[in-house]
There are 2 protein chains.
Amino acid sequence: MKQIPFYSTRLEEGFWAEKQKTSRNVTVDAVYDRFEETHRFEAMKCDREQHEREGWKPHIFWDSDAAKWIEGAAFTLEYEKNEELENKIDRLVDMMCNSQLEDGYYNAYFNVYETDKRFTVRDNHELYCLGHLIEAAIAYYHATKKDKLLHMVERYVDFVIKTFVCEKSAGFVTPGHEEIELALVKLYRLTGKEKYLELSKFFIDNRGNNDFDIAGHRDWMTAHYPQDHLPVREQTTAEGHSVRAMYLYMAMADLALECKDEALFNACDKIFHNVAEKRMYITGGIGSSHIGEAFTVDYDLKNEEAYTETCATLALSLFCQRMSRIKPLGLYGDIAELAMYNGSISGVSIKGDEFFYENPLTIDLADHDKNHATQSKERYPITQRVKVFDCSCCPPNILRYINSIGDFLYTEDDDTLFVHHYMNSSTEFENKKISQQTNYPSCGKVKLTVMGDYKKIAVRVPSWCKNFDASAPYDIKDGYAYFDMAEIITFDFNIAPRFVVSAPGVHENAGKTALMLGPVVYCVEGVDNEGDIFGLSVNKATSFDLKQDGYFGLPVITVEGCALIDNGNLYSDMDSVKYQERKIKFIPYYGMENRGETDMLVWVPLKV
Amino acid sequence: MKQIPFYSTRLEEGFWAEKQKTSRNVTVDAVYDRFEETHRFEAMKCDREQHEREGWKPHIFWDSDAAKWIEGAAFTLEYEKNEELENKIDRLVDMMCNSQLEDGYYNAYFNVYETDKRFTVRDNHELYCLGHLIEAAIAYYHATKKDKLLHMVERYVDFVIKTFVCEKSAGFVTPGHEEIELALVKLYRLTGKEKYLELSKFFIDNRGNNDFDIAGHRDWMTAHYPQDHLPVREQTTAEGHSVRAMYLYMAMADLALECKDEALFNACDKIFHNVAEKRMYITGGIGSSHIGEAFTVDYDLKNEEAYTETCATLALSLFCQRMSRIKPLGLYGDIAELAMYNGSISGVSIKGDEFFYENPLTIDLADHDKNHATQSKERYPITQRVKVFDCSCCPPNILRYINSIGDFLYTEDDDTLFVHHYMNSSTEFENKKISQQTNYPSCGKVKLTVMGDYKKIAVRVPSWCKNFDASAPYDIKDGYAYFDMAEIITFDFNIAPRFVVSAPGVHENAGKTALMLGPVVYCVEGVDNEGDIFGLSVNKATSFDLKQDGYFGLPVITVEGCALIDNGNLYSDMDSVKYQERKIKFIPYYGMENRGETDMLVWVPLKV
């Protein structure tokens, strides 16, 4: 199947249009300014004297920060010309190109420091950085037709082919941190040059063949950490560092499509099911443990300690997007949607200038107070977004993600237009015009207008939808409603709030429920609920009071419940305690921790 | 008030008589054998050549292990002469006395190693060891009239007085680990020598006066760790290492009684309330954190991570016992009873030969599997009792505790006999005879027979008792029913199973309940409940099926509930999930983990 790329689509007034507006008006500059302040951009010059004069030193993966910002910024240029922004990118590109070495190599750290270590230590992120440079180059070229960076990365890739494939003179066979594999497929798609596809295949096929060698590895760094535990086609579970894992699976799916590699697709599908059925938070968050930022074991989904890095969650949705392109299975879209509406965008503040790296499902300030009071160091994620991290991968990642969100909407084959997601938008692609009029996900109604020579239109019906109405007859298959081609189809997912429970394997969520509206997970915050949220329980038979909220962009929902009244005793007979009836206000999870430091809870006990 | 000491009482057929039988038949020898194997006893010889020949070295606090075993063994001699056991003790006493130095000093480590470090490092446990030696000497003297060890410790204490009080030549003012303070009060009570009381007061009065100096202290070792944050009379919360804390509070209560020190009593009472109302597990377990084995902050009572050392819990009950002696407030007895029936005796196996140091309220084997699978090192208490620990304070502590449990029963003043606890027993004290006929806590009926010249008999009515029947009229005051003297009084606490809930401050227990029978906390184990206990919930309106159980010594209780059926989805709409009705079997918490490694849970969700 062919994907209709995001730049063919204009989002119009609605949830994602708003997110993009904030991203273009605020995030792109906010990330730029923080990166500028922290010397991340200046570092691209590779000027050791400057470092010493100014007293700073680049990190081995700063290239990727710069590259992701370029890519995200370039995406914004698809919507609107912005000369100032282009100048900024040009300056960065010039710095990079001017510092590219004779042989094609470029890394802002290794160009200057430990120059004898180039391509010797597997975990040094050089190929990871190059992957992001490739993506940046492609994006910038597409938006502006400027090909300077593209030429630079092509020259660099040639050097990689020489070193890794021809001469085999590098200190390792496959990169410690995946990313270049998926970037090479993009480069192949743009240029048509088979060598890029071949190099991607080379890295994928060699992974897991006992190449595990992370320098200075710690005791938790098993072969699972960089997905080296098995050859990729034999992998069945999501393992190790969750961002690395997802970048690998994305490339595997890309190659499965390009090479019609069924074994690769089957491995991806097994891994996908393992994630969706055993290793994913309800927010689409993945990677439960801060140790190795990693997947752990099935059902290990602790809420307060949840690592669930923003980058991992958005990559999960991108992996699902690739899977949808190979096989129209509704579940891929369902999981993509969970990640899109929850654990990805929770990584950026509503205002667009502050970020979470980790996205926990419970924030209990008392535990932080305990750490403070007792000098104990139990590890909990931070409770307020910050403007920049030491390892600041998430901010530019969410920038490029939101500005290319249209990629999720459509794929097509010879006969059928597949509509995977719902956003108020209009699309022009080749000789076709498609538009959606919808307030999704506030409301489940969609008016789909299609002008094009399709025979069928397939519309994903989310698995949470119990009641699908449509203006035309349809057949359901694998989570998609197939309609005969018609210019206008209207349908309604009848979105209404609902309570969700976890599988019994998720021990911490026993007896608790989460509130959802369509794909959107809700949470309770102290700031809305008289401070103490941990004594609250919701009434299973509640009515739901929805109120559209301009700040969050989706309704806030009030339900009936109660609060256990503190009678001063630590333990009381159940018969003797009293509950106070309470209206409990829920907000969308992605909007958590935007109004000062406050307790937050996704899984709430049910009232007995 | 005067306490009627345990050796005046014979426990007869019943809960505690069984525990004592096991303790005398199994535990006393089991602890002896393990300590013998690990050279703890041989170490008392202080023979460096032997250490080197045999390849081991004593630890600085092995004296306390030996002393606590002597004390516990001596207690068993109060009930039954045992020549073999006496010989074992005599051998230990001889080794100790023969190695006492000229000046009176004795420590099995510092006699031999780092001899220049004696009394220089506050945390080196020398005075802690001496405290236990004093208690052992007193117990052995009382049981056998053999006074060799008593003379030895008196000589040692004289050296301590010289060093700490007269010459002030020690490297610190107050001991890092409390214990000697309470032992000195015992020694004073036995000998009538004021100097011991004075030395105890000296250590208590000087604590908290900026003497904080734990050598090699780590970053979590604040002044709270050894209760040095404030002068003791100004302390209001339970802080720091929970065993040290309790030993301090016991001595404070002892001194409050002996010296009629109201300020000391008031501090004890405030601290008691802080523990009982904010910092205690329902099992009487205290000390939430493994970091510093310490109290943390109010309501920090996580179940799976609970440190709750056996020694701390039993010391809590001993602190309460001392408070009851000063003021007959029912709550002291209630908390003592919680600790007695739950988190103390959970520290020893039903068979009597294996021990827990930590007593968590949840055991989730999946989390241990996760640690194993991912090489992560999240810390959870061990899941099976072991025969000996490196730091093996708990096994001999539970030995001496169970064999002196009769201490809890009675106090008296000029007019009134106070009956604090209920055990099938007969007591002869001075010219009085008291007996209880009861199956407590299986059943709440007690027939109390008292022959003595009391004017009143005061019977503690536990706060969980909602329905107190008695054969004679009474007045209730502060949790005690006051009867006019009568030879026979029968009463009934009408013990029946009940569900208990936590204060809203205990976040982890929201929506969950614990089952209790009188003072006994129950738990659910996988071995009784088809393996998976984390998907269970109990029916609030259940009937209770009690079945006397010879193994546990108390009834097991079956309630109605249900199990969430796993439908294969990680998250499901609440409307769509199905529950299977289930009989859920609970066993007494103290009996947990006696039948192989299994999941265990105290706080169970309520069925909605």
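**Helix α6, chain B**

At 1.5 Å a residue its 19 residues should span 27 Å, and the end C-alpha atoms are 26 Å apart, which agrees. The expected span is 1.5 Å times one less than the number of residues.

A note on what I am looking at: this is a predicted model, where local features need pLDDT of at least 70 and side-chain atom pairs count only at pLDDT 80 or more, while totals for chains, interfaces and linings use all residues. Residues are numbered from 1 along each chain as its sequence is written, and chains are lettered from A and ligands numbered from 1 in the order in which they are written.

Which residues of α6(B) are buried? I get L149(B), L150(B), M152(B), V153(B), Y156(B), V157(B), V160(B) and F164(B). Buried here takes 20 or more other C-beta atoms within 10 Å of the residue's own, exposed takes 12 or fewer, partly exposed is in between, and C-beta atoms are placed from the backbone. They cover an arc of only 150° around the axis, which puts them on the same side of α6(B); the arc is that of the directions from the helix axis to the C-beta atoms. The buried residues of α6(B) pack against α4 (83-99), α5 (126-144) and α8 (194-206) of chain B. Contact means C-beta atoms, placed from the backbone, within 7 Å. Just after α6(B), I found K168(B) with a positive phi of about 50°.

**T236(B)**

Next I looked up T236(B), in the loop between α8 and α9 (242-259) of chain B. T236(B) counts as partly exposed because it has 13 C-beta neighbours inside 10 Å. Beyond neighbours within four places in sequence, T236(B) is in contact with K270(B), I271(B) and N274(B). Its C-alpha atom is 8.9 Å from that of N266(B), 30 residues apart along the chain.

**Core**

The largest nonpolar core has 387 residues, and M252(A) and M252(B) have the most contacts inside it. Such a core is a set of buried Ala, Val, Leu, Ile, Met, Phe, Trp, Tyr and Cys residues joined through C-beta atoms within 7 Å. Setting aside neighbours within four places in sequence, I list I204(A), V232(A), L264(A), A267(A) and C268(A) as contacts of M252(A).

**Where A meets B**

How many residues does each chain give to the contact? Chain B gives 54 residues and chain A gives 54 residues. On the chain B side, α10 (262-278), α13 (365-374), β14 (497-502), β15 (512-517) and β20 (571-573) each supply at least two residues. Strand β20 (residues 571-573) of chain A pairs antiparallel with β14(B) over three bridges, and Y571(A) stands opposite S502(B). Strands pair if DSSP finds at least two bridges between them.

**Sheets, chain A**

I then traced an open, antiparallel sheet of six strands in the order β2-β6-β7-β8-β13-β10. Its edge strands are β2 (9-11) and β10 (469-470), each pairing on one side only. Inside this order, β6 (residues 425-429) and β7 (residues 432-438) share five bridges, with S425(A) opposite Q436(A).

Last stop was β19(A), residues 556-564, which pairs antiparallel with β17(A) (residues 536-538) over three bridges. β19(A) also pairs antiparallel with β18(A) over four bridges and with β21(A) over eight bridges. In the β21(A) pairing, E560(A) stands opposite K583(A).

Notes: Two residues are in contact if their C-beta atoms, placed from the backbone, lie within 7 Å.
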